[in-house]
Amino acid sequence: LAACPLDSHTRVLDVGCNLGSFLAVLRDRIGCSVAGLEPAPIPAKYAREHFHLDVREACLDDLADSFAPASFDLITLWHVMEHLWAPRRDLDIVRSLLKPGGTLIVEVPNFADPLCRLFGSSWAYVDVPRHLLHFTPRSLRNFLEDAGFTVATLECTGTFRPYSVTISCLFIQFGLGYDPDLEQSAYAATAIRCATWPLFALEGLLGMRGLLTAVATLKARQP
């Protein structure tokens with residue numbers, strides 16, 4: 001977010017906002033005006049009831065007309081684009097909602113990650129059929145630029161998965177899953193993170209976190 005200075009005048013839309021924690025932080029710590037879209041009913045309800053956020057239970061194409069054109073300074077898609085059936089259509093909607101000079105932040109899995117080549121179909125981010133698309137740094141840049149954006153930064157890092165991707169891949173490869181009891185799963189995940197933090201740190205140094213984050217702005221409109 002350092003590439004997009006935020007203050008109390010900033011209006012933010014988080015597409016696929018899940019429980020709304022990101023929006024709540026922006027509102028409570030910075031004073032941003034925030035809104036979210038979340039198609040899943042349970043997290044959308046949680047965001048409204050727990051954080052008292054303006055979160056609509058819908059996808060972009062459902063509510064595109066309910067927001068004024070050019071009304072947001074920042075739009076974020078944290079691990080959303082890999083799920084989209086019509087990503088170009090949705091980026092056209094995003095472009096219409098951004099103010100001139102507005103910023104788009106996209107984070108997706110990095111299909112060019114070395115661990116993807118190593119683990120193949122057991123790579124943690126393959127995740128079919130939930131993931132419909134995969135991006136490399138080149139294809140993500142080309143996709144955003146073709147949709148009318150200028151990519152300011154594109155980094156092989158991100159905010160997702162605060163634990164080792166290697167361990168996640170091994171879990172998938174050997175058919176290991178989480179305990180159905182959510183509380184026990186949370187304890188197990190915490191224990192795994194603590195036990196494997198040196199591997200997690202090494203993955204970061206080697207650029208093997210399996211993530212891509214792009215910060216883009218609207219291309220100048222032709223007169």
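Modeller: Helices (H or I, at least four residues) and strands (E, at least two) are DSSP runs, numbered from the N terminus. This is a predicted model: local features need pLDDT of at least 70, side-chain atom pairs count only at pLDDT 80 or more, and totals for chains, interfaces and linings use all residues. Residues are numbered from 1 along each chain as its sequence is written, and side-chain values use heavy atoms, leaving out hydrogens and water.

Colleague: OK, how many helices and strands are in the chain?

Modeller: The chain has 9 helices and 7 strands.

Colleague: And what share of the residues is buried?

Modeller: 42% of the 223 residues are buried, meaning under 20% relative accessible area with a 1.4 Å probe, protein chains only; exposed is over 50%, and partly exposed is in between.

Colleague: Switching to backbone: what's phi of His52?

Modeller: Near 55°, so a positive value in a residue other than glycine, whereas most residues other than glycine have a negative phi.

Colleague: Where does His52 lie, and is His52 buried or exposed?

Modeller: His52 lies in the loop between helix H2 (41-51) and strand E3 (55-56). His52 counts as exposed because its relative accessible area is 62%.

Colleague: What about phi of His79?

Modeller: Phi of His79 is also positive, near 55°. His79 is in the loop between strand E4 (72-78) and helix H4 (87-97), and His79 is buried because its relative accessibility is 12%.

Colleague: Last topic: among contacts between residues at least 6 apart in sequence, what share joins residues at least 24 apart?

Modeller: 73% of them, with contact meaning heavy atoms within 4.5 Å.
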